[in-house]
Amino acid sequence: MEDAFLDVFDLARNPDQIGPAYLFYLSFAMIGLGVCACMLYLVRDGRKGAWFYLLAALAVTAIMCWLMAHEIRHVRAVKAQVLSGGFASVEGCLDQFHPGLANPSEADSGVEQWSVAGQRFDYGADEIRLGYHAVEPGGGLVHADSWVRVGYVRDDLLARNDIVRLEVVQHACPPAPD
């Protein structure tokens with residue numbers, strides 16, 4: 001079966017591609033700071049209720065900055081584990097598989113979920129993250145009847161497994177339940 005594995009995704013071969021999504025988090029932080037500046041102006045101008053919006057904007061901005069700091073720390077940890085080969089790995093037939101959506105809407109997140117050897121993996125086509133996130137309808141190569149070998153790093157804060165390496169054998173197992 002070793003010859004049949006299709007190398008789908010491998011950050012271990014390309015560790016320079018491991019990096020945080022700075023622009024994503026910075027854009028929200030900058031928007032938040034802009035809203036804070038506008039609200040501060042309205043507070044100085046004596047507008048009623050502006051304090052509430054100022055505090056809300058400060059809270060959202062602080063949360064985005066905290067998430068950006070977490071992402072930077074997590075990416076550094078992932079890169080160190082990938083470079084040392086210390087990431088976790090599981091393989092086998094899928095225990096469960098729920099396909100995602102290629103073009104999710106706001107009503108449905110379109111998250112693809114599957115598990116192998118007791119480890120759960122979930123991701124969406126529109127997610128901004130460092131690991132593998134190609135859903136089946138959008139050309140992803142994980143299917144309900146796949147045998148997978150997956151290398152991953154756990155993100156305990158966000159309760160997810162970031163896939164750093166993925167190898168697949170197509171049609172090697174009975175279809176996993178949804």
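I take contact to mean heavy atoms within 4.5 Å.

**Entry 1: Conventions**

I note that the model is predicted, that local features need pLDDT of at least 70 and side-chain atom pairs count only at pLDDT 80 or more, while totals for chains, interfaces and linings use all residues. Residues are numbered from 1 along each chain as its sequence is written, and side-chain values use heavy atoms, with hydrogens and water left out. I read helices (H or I, at least four residues) and strands (E, at least two) as DSSP runs, numbered from the N terminus. I call a residue buried under 20% relative accessible area, exposed over 50% and partly exposed in between (1.4 Å probe, protein chains only).

**Entry 2: His70**

I looked up His70 and found it in helix α2, residues 50-84. Is His70 buried or exposed? His70 has a relative accessible area of 10%, so I record it as buried. Leaving aside neighbours within four places in sequence, I list Asp155, Leu157 and Leu158 as the contacts of His70. With Asp155, the side chain of His70 makes a polar contact of 3.1 Å. For that term I use a pair of N or O atoms within 3.5 Å; within protein, one must be able to donate a hydrogen and the other to accept it, and residues adjacent in sequence count only if both atoms are side-chain atoms.

**Entry 3: Helix α2**

The 35 residues of α2 should span 51 Å, and the end C-alpha atoms are 51 Å apart, which agrees. I find that the buried residues of α2 include Ala50, Leu54, Met64, His70, His74 and Val82. Against which elements do the buried residues of α2 pack? I find α1, β6 (147-155) and β7. Just after α2, Gly85 takes a positive phi of about 75°.

Arg76 also belongs to α2. I record Arg76 as exposed, because its relative accessibility is 61%. Between Arg76 and Gly131, 55 residues apart along the chain, I read a C-alpha separation of 13 Å.

**Entry 4: Helix α1**

Helix α1 covers residues 22-44, 23 residues in number. From first C-alpha to last I read 32 Å, close to the 33 Å expected at 1.5 Å a residue. I list Tyr25, Ala29, Gly32, Cys36, Met39 and Val43 as buried in α1. An α-helix has 3.6 residues a turn, so residues three or four places apart point the same way. The buried residues of α1 pack against α2. After α1 comes Gly46, with a positive phi near 85°.

Tyr22 is found in α1, and I record it as partly exposed because its relative accessibility is 43%.

**Entry 5: Gly92**

I located Gly92 in strand β2, residues 88-93. I record Gly92 as buried because its relative accessibility is 7%. Leaving aside neighbours within four places in sequence, Gly92 is in contact with Val116, Ser146, Trp147 and Val148. Gly92 and Val169 lie 77 residues apart in sequence, and their C-alpha atoms are 9.8 Å apart.

**Entry 6: Salt bridges**

How many salt bridges does the structure hold? I find 9, a salt bridge being a side-chain nitrogen of Lys or Arg within 4 Å of a carboxyl oxygen of Asp or Glu.

Asp10 forms one with Arg165, with 3.4 Å between the closest N and O atoms. This pair links distant parts of the chain, Asp10 in strand β1 (residues 6-10) and Arg165 in strand β7 (residues 160-169), 155 residues apart. I record Asp10 as buried, at 11% relative accessibility, and Arg165 as partly exposed, at 25%.

Arg120 and Asp122 meet in a salt bridge at 3.5 Å, N to O; Arg120 is partly exposed at 46% relative accessibility.

Asp156 pairs with Arg154, the closest N and O atoms being 3.4 Å apart. Asp156 is exposed, with a relative accessible area of 63%, whereas Arg154 is partly exposed at 38% relative accessibility. Finally, I note that salt bridges that share partners join Asp7, Asp10, Arg13 and Arg165 into one network.

Methods
Expected span 1.5 Å × (residues − 1).
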